Amino acid sequence: MRQTANFEQEVADFRIEDLFMSRTDERGVIRSGNQTFQRLAGYDWEELLGAPHKVIRHPDMPKCVFRLFWDMLKAGKPVGAYVKNRAKDGRHYWVFAIALPVEDGFVSVRLKPSSPIFDTVKGVYAQLLDAERQGMSIEEGVDRIGVFLKQHGRTSYRDAMAAWVRSEIGARRTALGRKPDPVLDGLEDLKACVLKIGKELDEVRGTFESIRGTPTNLRIQATRFGDVAVTIQIISQNYDLLTKEIEAANATMGGIYDSLLEILDEDSFGLAAVSLLQEAFRRFEAEDMLPPGISMEAESAIIQPHTRKFSARADVMLKRTEELVTQVRQLQRIVSGLAVTRVMCRIEEAGLSGDSGGIKDIVGRLLQFQTKVMGCIERIDTECRNAHRSMTKLAVNFSAVPDEMKPRGEAERRRIPREPRLKPRSSAA
């Protein structure tokens, strides 16, 4: 039976350098794992293999968190979450758990959380758990998680877990005295560039709204001067057409931006997870003794195709950034056409006799509009090029990841501190 005397105690021998992994079938039944997993869980392999993964579930975990976790996994998406587990003797240990869909199930790699967000998440979990015990439904809990994320500047759970995995891996590398991960740095740079692009696109949209009726007002003002202002009316119509083209191009860029942001949040998480899984795989391979019936060749055959998939998605992000670069060039060409139209309008306005103040004011507003939009486009262009450089480096860094997941021969194995052999536990444990 599970012991509960140590319920409030934390597993003491969970080290920052530890990584543990396990694989389950589609129902969550444990099919393999490394010795770190067994050591922290406190079960013999005979008890773990074939058991449901919930055997280590802690009752302090909010059900709504698991709902989010499993919904994403069953949808074929990678997912991450902070999880409180319970060992066989009742002690607990916190992990940041990353899970990926693989053939006929899921593979998970976990690390010891150490980033600043961890304490905040524990507090939120306590609130969610208390609310659930008072009758809150799982669906209401999921909604509360969404509110919490928005309060902390996250647009979605997908966005949040992408930031969390980068933060946790970065904190772990710092604690271990390692250099920053170029993949993580690339993801941070890329996300920063993409968010700046989104901000400028919003600025362009807002600017359009401020002058939406200006070309029409210009035509109305020109009617006061009769036939001598026909050219201004034609210029105004051309201006109207150009601004609509700019608006359409901006909308296209917005679509590309939304697609890139979604891919970045979802797949950057997968890419970071693959980087961590790679290290865990090497530790798994270096162990003195694998669980009965488990081979690295079999594990590699299951896991490697999916690491290839996430590596290939880096190329999708690269393609999206290239599309942004192409579209911003198109936007620049259209806006350049506004400059010619504005100069022609200024010339025609100067040739009008009498009070042309209304037209002059409108031409001035159009100049301000064009200047502001050109500034936004130049900044978008800069960030697009920065994003493209970041994404190019990221794609190169991940090109070799799948090969790193191949099992090595004994002579090639890295010198990694090995998990000690564990003696079988007595039935009274």
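Predicted model: local features only at pLDDT ≥ 70, side-chain atom pairs only at ≥ 80, totals over all residues.
Five of them make an open, antiparallel sheet, and their order across it is 2-1-5-4-3. Colour residues 30-33 and 79-86 next: these are strand 2 and strand 3, the edge strands, each of which pairs on one side only. Looking along the sheet, note the angle between neighbouring strands, which is 30° on average with direction ignored.

**The helices.** Now select residues 63-74, helix 3. Helix 3 lies across strand 3, strand 4 and strand 5 (105-111), and its direction makes an angle of about 135° with strand 3. Then select residues 117-133 for helix 4, which lies across strand 3 and strand 4. The angle of helix 4 to strand 3 is about 70°.

Show the side chains of Phe69 and Trp70. Their ring centres are 6.5 Å apart and the planes stand at 70°, so the pair is edge-to-face; planes over 60 degrees apart count as such. Phe69 is buried, at 9% relative accessible area, while Trp70 is partly exposed, at 23%. Select Phe66 and Arg57 as well: Arg57 lies over the face of the Phe66 ring, 4.1 Å from its centre.

**The aromatic cluster.** The structure has 12 aromatic pairs. For a group of these rings, select Tyr82, Trp94, Phe96, Phe118, Tyr125, Tyr157 and Trp164, which form one cluster.

**Ser108.** End in strand 5, where Ser108 is found. What does the side chain of Ser108 make a polar contact with? The partner is the side chain of Arg110, at 3.2 Å. Ser108 has a relative accessible area of 12% and is therefore buried, as the limit for that class is under 20%. To see its surroundings, show Phe20, Met21 and Ser22 together with Ala97, Ile98 and Ala99; Ser108 touches each of these, leaving aside residues up to four places away in sequence.

Definitions and conventions:
Residues numbered from 1 in each chain as written. Heavy atoms only, no water. Pairing = 2+ DSSP bridges. Helix = DSSP H or I, 4+ residues; strand = E, 2+ residues; numbered from the N terminus. Axes fitted to C-alpha atoms, helices over the stretch in contact; angles between N-to-C directions. Contact = heavy atoms within 4.5 Å. Phe/Tyr/Trp six-rings, centres within 6.5 Å; stacked < 30°, edge-to-face > 60°. Buried < 20%, exposed > 50% of the residue type's maximum accessible area, 1.4 Å probe, protein only. Lys NZ or Arg CZ within 6 Å of the ring centre and 35° of its normal. Polar contact = N/O pair within 3.5 Å; in protein donor to acceptor, adjacent residues only side chain to side chain.
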